[in-house]
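Subject: Structure for your review

Dear colleague,

Please find the structure below, together with its sequence. A short account of the findings follows.

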Amino acid sequence: MSIATEREAQAPDDIPPAITGRWSSLAKEVLGTPRVVVGLVIIGALVLMAWIGPLFSPWEFDERDFFAFRSPPSAEHWFGTNTTGRDVFHMTMVGLQRSIVIGLCAAVATTVVAAIVGAFAGYYLGPTDRVLMWITDLFLVLPQFLILAILYPVLRGSEWPVFVILLAGLMWMVTAKMVRGMTISLKEREYVLAARYMGVSSGRIILRHILPNMSSLLIVDITINVSGAIILETALSYFGFGVQPPDVTLGSLIAEGSRQALAFPWTFWFCTGLLILLVLAVNLVGDGLRDALDPHSRRRS
Amino acid sequence: MTATTAHAHGDAARPDGTDTPVLQVTDLEVTFPGTRGSPDVTAVRGVSYELRRGEILGIVGESGSGKSVSSLAAMGLLPDYARVSGSIRLHGEELLGLDDRAMAAKRGRAIAMVFQDPLSGLTPVYTVGDQVAEAVRAHNPHFGKAAALARAVELLTLVGIPDAERRHRSFPHEFSGGMRQRVMIAIAIANDPDVIICDEPTTALDVTIQAQILEVLKTAQRETGAAILMITHDLGVVAGLVDRVQVMYAGRLVETGPVDDVYYRTRMPYTMGLLGSVPRLDQDDKTPLIPIAGSPPSLTDMPPGCPFAPRCPLAVEACTQAEPALEQVGAPGHRAACVRAGEIQANGWTARDVYPVPEIGDPPQAAVPREDRTTVLEVENLVKHHPLTRGALFKRRVGTVYAVDGVSFDIREGETLGLVGESGCGKTTTLLEILSLDRPQSGAVRVLGTESGRIGGRERMRVRRDMQVVFQDPMSSLDPRMRVFEIVAEPLRTHAYPKDRLQARVIELLRLVGLEAEHAARYPAEFSGGQRQRVGIARALALEPRLIVLDEPVSALDVSIQAGVVNLLDDLKARLGLAYLFVAHDLSVVRHIADRVAVMYLGKIVEIGEVANLYRHPTHPYTQALLSAIPLPDPEKERRRSHIVLEGDLPNPADPPSGCRFRTRCQKFAVLGEEERTACREREPELRRRVEGAADQAAACHYAERQEPL
Amino acid sequence: MAKFLIRRLLSSLILVFLASSLAYLLAATTLSPRSNFEQQQPPLSAEAIERELDHLNLNDRTPLAERYATWLSGVVVGDFGQTITDQSVNEHIARKAGVTLRLIVVGAVIGATLGVAVGAYSAVRQYRAFDRASTVVAFFLLAVPTIVIAVVLQVTAVWINDVTGRQLLEYGGEYTANLDAGFWGTLADRVQHAILPTLTLVLSLFAAFSRYQRNMMLDVLASDFVRTAMAKGLTRRAALFKHALRTAMIPTITYFTFTFGILIANATFTEKVFGWHGMGAWVVDSIVTNDVNAVAAVTCFMAVCVMAASFLSDVLYAWLDPRVRVS
């Protein structure tokens, strides 16, 4: 809708313009947002680098170079070596892989949990809503970082997917509240009422009408949660509560590097730089998508 | 400051044409640059007009005609990315190109504006008194805070805020829409402006409130002597109010002149169509409305030639060659932009000659007397009370809203019952209660003899088939993520319609409502408002219901589009023998479509009856006031009529007046003797036949008597 | 109104209680204080270990319900029990809570104010140089984990101190131990120590708030009441400041509640990196040292902070927005 027709529309202003209904036009809109394109290109490059980079590295992941402890970047060790003589480049690439996978999985899981809780609470309201929102509030009051840290002994010895589930279990609340709010307003939309009055069941209405109409919002939310999960993971790893060695993530590398950031900067800056780049790219995509998909925030550019 | 020089208190004389215009707009063009590769939008394309001292000029047009943009340009309130060219002179001084500071000195002082939506027009966090006082101080910095506030109270009193001394401390959300609009007017006249631009000032308001606001505007004009530029889509509002009127279409003026000339000697087919498509409150016989085919052009890529040509029944080769200029036709000052204007004048054509008039038959049941027809819907003493909570944050129950408080009516086969009333009267709640099929708090709802709330799931589904709904907003009543095919097929799928016949049925339905088979593959966003409403109707018809409940189905549409949908509903009823429950606030539309009508006020039906009788001889004072408040698109009639202007706002539905609920605003109550008033105060009047001779007309008033408000 | 506040307070209390209980139960089942004593040098006898554990109510051979009941009976009277080194948890809280609160409050006030100011101004100057610059900065900061900000600030401080040859910025501890410099000297020392940790919090908060406030402000900028204000004769600047900003601040208050949990977590990292002995650093230490009672106490403290913040923001909200006030 053009500005002029928007301005001229004499219908009451509080009816939000319809969410554009075509994936193709969405794709056009999305790809017309430079931020999204830049973000996606960076993410694509990082993914390529993370999975293909190690193939070119002359060193194995857990191989030690006994002739080069803490050596700065060189032709042989592109990102230098660490205290135990391992190749920082290879470790960083593996860590990057892990961080990307953990971030994505945790974000998707988070959003799924949030969408289900929020949509049911918002659609049924009443007791369902009270119970679900009360649980949400309880989770909000619990310091998520602390709970993850307490559960660390459980994590010890388990694989990263467990970690992903825990991350998701502690990140869904804010999104769930948002989804609930959206559901309550969507529920009053006339097409939902129409479906109800033609006899469509509640579960079907949620699946067919409510969730699809927030899909853009949920997609944006996934991107936000990707960066959230990556950052949370970093923090946990810093205290040693994250993924356990020999597994590495960017977070655990940063944790290790930060203790010697002054003396051996290469152990800190490469992984940190990549992490910032990754989160930045994800945020760019998220922000751009929000502008492109969410009609409320659509602005003139 | 030059603005003060032209102040002309008390000599708000009719324009004599000799003095310089207060506001002179020449060749105004406004373009919004396109975003992300989309083309530029030229919202106003070369508009010229002048406004003389004390004059009231109306600008009429549908959505997207550019009427608001042109006035925002005069106020310097367009966003900075808009490209404006041409000239806007205020007392001969050029306004375009002035910087923000210089423009701010003019705004509010020399030229003021009243906006459409009083809900969002006032800052929610300041009291109304402060907001008016701010307008005073903006141009009189020497005014102290207290002095400005005192002046604000004066202004609020002037625009009719009762007890302004105390109520100036209220926040906007504590005011009703009408009161907020009064505040907006108070702000506009705070500095005695020379020009007041009113942009759809009454569109968001109910008719009785609209009548009040129009009165306030007249007062405001008397007080300030300002010239008023009245922008509206409502041909009735301008008819009785303005001296001259200009019709806009696709960013240009297409007809302009003294109001009588434009209304009675219309020379531009678009204006004709506009006038012909309005359902008339004062028309007895049911003639179909005159819809204008198609929809307004997009302003991005205008083809050469007359922008109305694609929709115009009179279009000839020449129309597509070049855009016709606005030229004089007939009387001086009357100008129209149509190559065939001379022909129209010579032949004396009217809308009915120019536009094809559709033919609509009668429903098959029309021959059967009402009593012998099946009752499709029966509502008996329906009650719906809901708790009133205050505060978004600290919610608490502060009372009970008597939204629907004992409503009874029935609808027979092939009949349309119009349920009318102003916002807050409970008509929508009634409708939702009927649709929910839940057991009402009290009373009963029976759809084809099946009582709601006493039936199992299977039976419920069967009732759902028989009763379908069409909603108001064609934008939000269709799921934007579904194709039209899916939308129309949804009820069929839900009720297990044979899969192999699904596609054929959907296409049949689309054709039935005047759409094409290929529309099935599109998304709602690709349709215009009228087309979307047709999709909604097709969906409602899918299961061959006996009763369709319509919630303001045409109120979100422009008049020219509205006419087509109203005709379609009429036609479907005749062909399929449907019954309608038609809920609306627009009494003109209801008169056109309904067989019987029920008027609601504060949760109760105050009058019900056969449509022609009720409109011609309403007996309840509220019905009389409602009908009287609606302006007719007929300047002469409008000038002759005297409107009943109700006092005040709708009482709080959580605390309705004792006895007769209407008595606090009743014009009849006001002239009753003290003794007679006791009955109104103490006894609630029941709904029954009150006047001899009216077979099917009942009113809830102790002192009901016939009147002719039209 | 009072009734509401009480009801609200009550439900907050219940939530705090449940959160602490949950944390206690989780910690009591997953942490193993026993290993602390078993690894002690010189080794303790089995009885001594049992005795110690029983004394601290940390014995995993006592049924969980019983331990919980003992803990709860203490908590009800305001006693959070003993740390694993047999010190009073309450005393620790008394000492450490102030440190954390000081950090959080100062950081939150500066960060949020700066964020709101910058965000609002960039909305007004949308797509101009200031907006672009602040957007780039905020975007960048949002992508940097607080830990990294803290570490980078520390590294920078070392570098600055090296370059200037003076101990300009302190990056370890809260104050210089055994400093005898009078009131002003001590204050200066404290400020010197506080700059970097506070800056860490400020930076991360600033980024989030400036983005949020910018969006809120943009929503309000196009609204009708700003147009009305200009139509009265206010200049654009005056209309924006008086009408738009004031209204756009309201949703930011709610946003504050949402970010408060993150703020607390950030305070934890900051304290840990800069060697402050606050609640945040303590919780990390107590998890590592299997200190169940301390973990539960800190959870309780954090839950109280979160509830207090949300309560405060509700009150602020009601104060700023007449629409939610109850008459």
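What percentage of the residues of chain B count as buried? In this predicted model, 55% of the 710 residues of chain B are buried.

Chain B contains 25 helices and 24 strands. Its radius of gyration is 27 Å, close to the 27 Å that the globule rule gives for 710 residues, so chain B is as compact as a globular protein of that length.

Chain C carries annotations from a record. An unreviewed UniProt entry places the feature "transmembrane region" at several spans of chain C, including residues 103-124 and 191-209. In the model, residues 103-124 of chain C are 100% helix and 0% strand, with end C-alpha atoms 31 Å apart. Residues 191-209 of chain C are likewise 100% helix and 0% strand, and their end C-alpha atoms lie 25 Å apart.

Finally, chain C meets chain A: 38 residues of chain C are in contact with 33 residues of chain A. Several helices of chain C each supply at least two residues to this side, among them H6 (129-142), H8 (182-221) and H12 (292-320). Helix H1 of chain C gives the most, with 9 residues. By class, the side of chain C that touches chain A has 33 nonpolar residues, 5 polar residues and no charged ones.

Yours sincerely

Notes:
Residues numbered from 1 in each chain as written. Chains lettered and ligands numbered in written order. Predicted model: local features only at pLDDT ≥ 70, side-chain atom pairs only at ≥ 80, totals over all residues. Helix = DSSP H or I, 4+ residues; strand = E, 2+ residues; numbered from the N terminus. Rg over C-alpha atoms; globule rule 2.2 N^0.38 Å. Buried ≥ 20, exposed ≤ 12 C-beta atoms within 10 Å, placed from the backbone. UniProt positions renumbered as here; feature names shortened; annotations may be inferred. Contact = placed C-beta atoms within 7 Å. Nonpolar A, V, L, I, M, F, W, Y, C, P; charged D, E, K, R; others polar.
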